[in-house]
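Open the model in your viewer and keep the selection tool ready. This tour goes stop by stop: select, look, move on.

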Amino acid sequence: MMAPTTDNAGNTGDPGNARASLEALRAEIAKAVVGQDPAVTGLVVALLCRGHVLLEGVPGVAKTLLVRALASALELDTKRVQFTPDLMPSDITGSLVYDARTAEFSFQPGPVFTNLLLADEINRTPPKTQSSLLEAMEERQVTVDGTPRPLPDPFLVAATQNPVEYEGTYPLPEAQLDRFLLKLTIPLPSRQDEIDVLTRHAEGFNPRDLHAAGVRPVAGPADLEAARAGVAKTTISPEITAYVVDICRATRESPSLTLGVSPRGATALLATSRAWAWLTGRDYVIPDDVKALTLPTLRHRVQLRPEAEMEGATADSVITAILAHVPVPR
């Protein structure tokens, strides 16, 4: 029998310990980020499902710090790319560089060759550059000069965008939005959370030095692999599968939407519900798991009709109304 693998954090990758290690992430990340437990959970769910995350929030709500703290607590490599109008696809994927000493071209990997890629303000770069991420996100590889090059595992793109400042931005096309497993909204902190943030800074907290803040690896790639194996064994009844399908089909029939959820979205909802069930300690999925993940999994996969938007409807409100009307399996 093969012995359990061990990572640098001291974790064996035993399925029995993987859940506890991932649960410890919240407390560890809380040393640097205050009051963002739902976003932490969403990022972990995405890692378990091998998906990607779109983080939406106004500037200054710790989106970048959240991803950096997650990478530190999981002992994963992370890189950050600031998306700007003049960013080129090769600035992300890498390119062939001529070596005068050998008179040959060699491949210089771009920042996409990492475990956690922070794509900061992804909607500030033109569609040509945005599309350079599509192959990486979907195929887990980058093709340069006809040669496919695999990306590390785990690999997650955490892309951020500002929901209030649209001047000089390029809306993400539906095909690219659909590649994100989850869209997580990062809210402004509560009054008490904001007091805690200011208190930490007054006491000398430096967001650029996570080691000094006490953030330590509590899980690693071995735990993620063991957790994925546990998620794969989580059972899904035919009734739950039909419930997911009914929710997604209802979005296609909603009079408030011009675009409903595709079968890819239904598959994503099933996967995230399964991961959430396993994280909460069950080896089977219940309707509450589906409900808990419906908004972050589907909100970016639908489009509102202009008249519904003028009446104050949002993607979240329409999906919430659909959830209230779709029969729940017993």
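This is a predicted model: local features need pLDDT of at least 70, side-chain atom pairs count only at pLDDT 80 or more; totals for chains, interfaces and linings use all residues.

D145 sits in the loop between β6 (141-144) and β7. Color by accessibility and D145 stands out as exposed, with a relative accessible area of 63%. Now check its backbone. Phi of D145 is near 55°, a positive value in a residue that is not glycine. For background, most residues other than glycine have a negative phi.

Is E75 buried, partly exposed or exposed? E75 counts as partly exposed, at 32% relative accessibility.

Stay with the backbone and select D153 and P154. A cis peptide bond joins D153 and P154. Omega there is about 5°. In general, most peptide bonds are trans. P154 lies in the loop between β7 (147-150) and β8 (156-161).

**The whole chain**

Zoom out. How many helices and strands does the protein have? The count is 14 helices and eleven strands. Along its principal axes, the C-alpha trace spans about 65 × 50 × 45 Å. The radius of gyration is 21 Å. A compact globule of 330 residues would have a value near 20 Å, so the protein agrees with that expectation.

Now color the chain by burial. Buried residues make up 48% of the 330 residues.

Select α9 (221-232) and α11 (residues 263-279). Two packed helices are described by the angle between their axes and the distance between the axes. Here the axes come within 9 Å and cross at roughly 110°. That angle makes α9 roughly perpendicular to α11.

Step back from α9 to A213. A213 lies in the loop between α8 (191-202) and α9 (221-232). A213 is partly exposed, with a relative accessible area of 23%. Leave aside its neighbours within four places in sequence, and A213 is in contact with K31 and F205. A213 and E28 are 185 residues apart in sequence, but their C-alpha atoms are 9.9 Å apart in space.

**A buried valine**

Select V33. V33 is found in the loop between α1 (15-29) and α2 (37-48). V33 is buried, at a relative accessible area of 5%. What does V33 touch, not counting residues up to four places away in sequence? Its partners are A62, L65, L66, A69 and R200. Then draw a line to F107. V33 and F107 are 74 residues apart in sequence, and 37 Å separates their C-alpha atoms.

**A proline in a helix**

Move to P296, in helix α12 (residues 287-298). P296 is buried, with a relative accessible area of 12%. Show L181, L182, K183 and L184 around P296. P296 and I122 lie 174 residues apart along the chain, and 18 Å separates their C-alpha atoms.

**Last stop: the cysteines**

Select C49 and C248. A disulfide would need the sulfur atoms within 2.5 Å. C248 is in no disulfide either, with the sulfur of C49 as its nearest at 14 Å. The count for the protein comes to zero disulfides.

Compare the surroundings of the two residues. C49 is partly exposed, at a relative accessible area of 23%. C248 counts as buried, at 0% relative accessibility.

Key: Residues are numbered from 1 along each chain as its sequence is written. Side-chain values use heavy atoms; hydrogens and water are left out. Helices (H or I, at least four residues) and strands (E, at least two) are DSSP runs, numbered from the N terminus. Buried means under 20% relative accessible area, exposed over 50%, partly exposed in between (1.4 Å probe, protein chains only). Contact means heavy atoms within 4.5 Å. Axes are lines fitted to C-alpha atoms, for helices over the stretch in contact, and angles run from 0 to 180 degrees between N-to-C directions. Angles under 35 degrees count as roughly parallel, over 145 as roughly antiparallel, 65 to 115 as roughly perpendicular and the rest as oblique. The radius of gyration is taken over C-alpha atoms; the globule rule is 2.2 Å times the number of residues to the power 0.38.
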